[in-house]
Each structure stands twice: as structure tokens, then as C-alpha cells.
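Dear colleague,

I am handing over a structure that is new to you, with some notes below on what was found in it. Please read them with the model open beside you.

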Amino acid sequence: MKIQTTKPINFEHVSDLEQQLGTDDFTKLIHRFSQEIENLINLISITKIEKAGLENLIGKVHQSAGSAAALGIIGLQKQLNIMESIAETGKPDDLLYELTNLTEIWQVAKATFINKGLMEV
């Protein structure tokens with residue numbers, strides 16, 4: 001399932017958050033979130049997810065969806081919500097299909113933040 005959204009990042013929210021935190025702290029927050037998402041993508045891609053570890057994975061996906069929402073990265077939040085729902089069905093193999101979508105959405109979001117000077121390469 002491909003996520004289609006006309007507003008993958010809510011830059012009004014991003015701008016408000018950056019003003020509240022200051023550019024340095026906001027950049028640090030984006031960097032930590034980047035590590036969180038990269039670790040999650042890596043976890044899903046290299047691990048044969050078994051039902052026993054599914055609960056832990058659901059928690060990590062849920063946490064990342066919340067982080068994405070807090071940062072205004074709407075497209076990523078929606079994809080993570082889809083993946084959380086799939087994981088809750090107990091069919092972890094379906095996550096691998098959605099991993100491609102997650103990775104694509106994250107790459108676009110990351111490039112956008114880099115282009116706006118809010119994230120380093």
C-alpha cells in the first residue's frame with residue numbers, strides 16, 4: 001500500500017517547534033529522531049521477526065509514530081501507523097513489504113530537512 005499525501009511534512013508545525021526549542025535544540029532533536037528511524041528500519045530489515053519479538057517491535061513502531069507526529073512528519077507517522085496495525089495482526093512478514101514504503105518516505109523527509117538546513121548529511 002503506497003502512502004499518498006499532499007503534505008508529508010507540516011512545516012508550519014516544524015517552524016513553530018523550531019522557534020520554541022531554538023534551532024540548535026531542534027536540530028539535535030531531528031538528529032535523534034533520524035537515529036531512531038534508521039535503527040527501526042535496520043531492525044525490521046535484518047531481523048526475522050517472530051511472534052515472540054513482535055510486541056517489542058510494535059512498541060518501537062508506536063514510539064516512532066509518536067515522535068514523527070510530534071515533529072510534524074505526517075507522511076512518516078501515517079506509514080508507521082499502518083505498520084503498527086499490520087504488526088498487531090500477528091503477520092510480521094507483511095511488514096517487509098511496508099518497509100519499502102517506510103524507507104522511501106523517510107528518505108524524502110530526510111532530504112527535505114537537509115535541503116532546509118534543519119539536518120546534516
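Which residues does Ser-34 touch, not counting residues up to four places away in sequence? They are Trp-106, Lys-110 and Met-119, where contact means heavy atoms within 4.5 Å.

This is a predicted model, in which local features need pLDDT of at least 70 and side-chain atom pairs count only at pLDDT 80 or more, while totals for chains, interfaces and linings use all residues. Residues are numbered from 1 along each chain as its sequence is written, and side-chain values use heavy atoms, with hydrogens and water left out.

Ser-34 itself is placed in helix H2, residues 23-46 (helices are DSSP runs of H or I with at least four residues, numbered from the N terminus). Because its relative accessibility is 10%, Ser-34 counts as buried (under 20% relative accessible area, with exposed over 50% and partly exposed in between, using a 1.4 Å probe and protein chains only).

One of the residues that Ser-34 touches, Lys-110, also meets the side chain of Glu-38 in a salt bridge at 3.0 Å, N to O (a side-chain nitrogen of Lys or Arg within 4 Å of a carboxyl oxygen of Asp or Glu). Lys-110 lies in helix H5 and Glu-38 in helix H2, so the pair ties together parts that are 72 residues apart in sequence. With 18% relative accessibility Lys-110 counts as buried, whereas Glu-38, at 30%, counts as partly exposed. The structure holds one salt bridge.

Methods: Helix = DSSP H or I, 4+ residues; strand = E, 2+ residues; numbered from the N terminus.
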